[in-house]
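Please read its points with the model in view.

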Number of protein chains: 2
Amino acid sequence: MAYGRPVTSKTQRSVRPTQKDIAAAAGVSQAAVSMVLNKADTPSVPGPTRARILKLAAELGYRPNHPARSLRSARTMTLACVVPDITNPFYPGLVRGLQTTAAPAGYDVLIYDTDRTQEGERRALNWLRQGRADGVVGTFFHLQTADFATLARERLPVVLLGRQDVSRRLLIDHVFIDNAAAAAALTRLLIRRGHRRIAMILAEFGPGRVRAAGYRSVMREAGLSTDFIVDSTYSEEGGARAMQKLLSRKGPRPTAVFGANDMLAIGVMLAAREAGLAIPGDIAVVGFDDIPTAKLLGLTTARHPEFDLGALAARTLIERLQPGGMKSRSRNLELKFEIIERSSA
Amino acid sequence: MAYGRPVTSKTQRSVRPTQKDIAAAAGVSQAAVSMVLNKADTPSVPGPTRARILKLAAELGYRPNHPARSLRSARTMTLACVVPDITNPFYPGLVRGLQTTAAPAGYDVLIYDTDRTQEGERRALNWLRQGRADGVVGTFFHLQTADFATLARERLPVVLLGRQDVSRRLLIDHVFIDNAAAAAALTRLLIRRGHRRIAMILAEFGPGRVRAAGYRSVMREAGLSTDFIVDSTYSEEGGARAMQKLLSRKGPRPTAVFGANDMLAIGVMLAAREAGLAIPGDIAVVGFDDIPTAKLLGLTTARHPEFDLGALAARTLIERLQPGGMKSRSRNLELKFEIIERSSA
DNA sequence: CTGAAAGCGCTTACAG
DNA sequence: CTGAAAGCGCTTACAG
């Protein structure tokens, strides 16, 4: 079964069959093989020849070489998804939404994890400029919309998650929920339940900032003073640490804690439980996102529709990748959140 | 700042600078640019020229085109990770382990989700043959080691997770824990606690099979009869459904349930709770994997070291990708599990 | 209509 | 040593 491809002496070349192999076996040009394999209809290739090519391709187990195809066509048929931390269940859900929409359109999804660091986000940016993906949807804690100017100038469709872009100067779409409004609603819920000393746990960067704004405005409106514990990371451990710190403070203990995301809030619940506090009796807890674990633990939270967010982002990218898709102006697409009341508050 | 690249008329070419652009600006050949950009030392290029090239590359914001580089060098610097379901927290943990080891070696990790279906796994196989990755680590529920013969023949390093390969006929490495022994240990723990009617919930395919074997052997040894509920999927919903089915059966109810993984066991816990049963008072529950949620819910389970599994798989692949790395025989690498006793049993 | 040539952006083997 | 040519595997614009 040697189809004339010379065994290259030094370099260990792939043993995969190429169009050239099929062409040699079928006695046609390599270009003809490409045509037959890619087009549903090939008037230039006689029926029997077409059949022979397809048969040989199947027999040899031909698979197109992806890098070659990408180089030539300048399309990778891949969408990149940049996430801060894939072990936060919110992001696998987002990825699912992306994939579910991307797959039928022929796009694969590639995940890039920034580890929540600025350094990681900068690396992602450079990585995206290597032509590995046709578009990107990402959540960035440190980079601003303006940091994507180069990508936008290079005509790479970008969808940023989690925030609105008022300036709309760059051709970058945004998909988000109203984080401030959701945080305000959660804060109001706590106040309605009679809480007056409500602390908020968040990290310096990331989605906590805008959620903190919602909390702050409602607290002020109600004449209550805000209480931020900021030096945390968006993880269970971070939430538990912040809670321990809060509990060891002098003065009256807060009666409610707002975790800027569910991971933090779950850490808070664990630390509270370990300190022998009843939830919500001794201390109420609310979170943000509604990851699967929130339901299991009875955590009151705001439903952040990760699957729909992913699906909408994918649809947006795929539209941008259609001919002329980059001509319309940048879009701000808002999805609805929902307050989920459970037993923790 | 036009560096002589002709504006291609029809095709919308990328606006990213190429080595050709740098070469034109620096007055050297494109090959010289490649040398300077890739080698730490270039005796063939005079120092000042080298400096000029590097400066121009930085100024123009040059980033190598990944498809072009992959095509030419036949290396993608990417490892693929094939998972059944990224929303099962076990897999993000695995991915983290992979990335943590792969990144310092210069490899990216690409995730492919098979959705637990045979069809999805077959697609993954074809996808892997497109030269997108230099190696793959995967968990497959339907495909057998023999199904990877083509990949192995094409010299793509493969690490399969979750099972041993006794035949070792193909050059495919395996990384796993002793699933049967861990399941046996969990079953023994339940028997030691006085349980006699122990049911096991699992799905037809996937890791449940070999875990069921461990459960079966211990039950037989103890003179107890096995009780399998098999028509499930490895998800919370699947576990809850199976539990509802079990509870609606006639005859004496089991006093303990063994979920073939934590997702199933958590579903069982939820359904039990909803049916008003106390855990472990009315019914004991054990799982398998020790995902983060298991700790939160107090689920007794077997620790499946997903991070270490990923790290070891990555190390194995990277070794295989070294010169001569494909010469040694296939390996069976076993990691240790651990029984984690919590409140659910 | 039909087919073979050009060329995507790189790396590397190989002439001067 | 020094530099320009060949060529990776494809797609597509463009001659006959």
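**Notes on the model**

1. Helices (H or I, at least four residues) and strands (E, at least two) are DSSP runs, numbered from the N terminus.

2. The model is predicted: local features need pLDDT of at least 70 and side-chain atom pairs count only at pLDDT 80 or more, while totals for chains, interfaces and linings use all residues. Residues are numbered from 1 along each chain as its sequence is written, and chains are lettered from A and ligands numbered from 1 in the order in which they are written.

3. Buried residues of α10(B) include E236(B), G238(B), R241(B) and M243(B). A residue is buried if 20 or more other C-beta atoms, placed from the backbone, lie within 10 Å of its own, exposed if 12 or fewer, and partly exposed in between. The buried residues of α10(B) pack against α12 of chain A, and also against β6 (198-201), β7 (228-229), β8 (256-259) and α11 (262-274) of chain B.

4. Chain A comprises 13 helices and 12 strands. Its radius of gyration is 26 Å, well over the 20 Å that the globule rule gives for 345 residues, so chain A is more spread out than a compact globule. That radius is taken over C-alpha atoms, and the rule is 2.2 Å times the number of residues to the power 0.38. Of the 345 residues of chain A, 50% count as buried.

5. The contact between the chains takes 42 residues from chain A and 42 residues from chain B; two residues are in contact if their C-beta atoms, placed from the backbone, lie within 7 Å. On the side of chain A that touches chain B, elements supplying at least two residues each include α5 (90-102), β2 (108-113) and α11 (262-274). By class, that side has 17 nonpolar, 14 polar and 11 charged residues. Ala, Val, Leu, Ile, Met, Phe, Trp, Tyr, Cys and Pro count as nonpolar, Asp, Glu, Lys and Arg as charged, and the others, Gly among them, as polar.

6. DNA strand D is surrounded by 25 residues, the closest being A31(A), S34(A), N65(A), S29(B) and A31(B). A residue is near a strand if its C-beta atom, placed from the backbone, lies within 6 Å of it. This surface divides into nine nonpolar, 11 polar and five charged residues.
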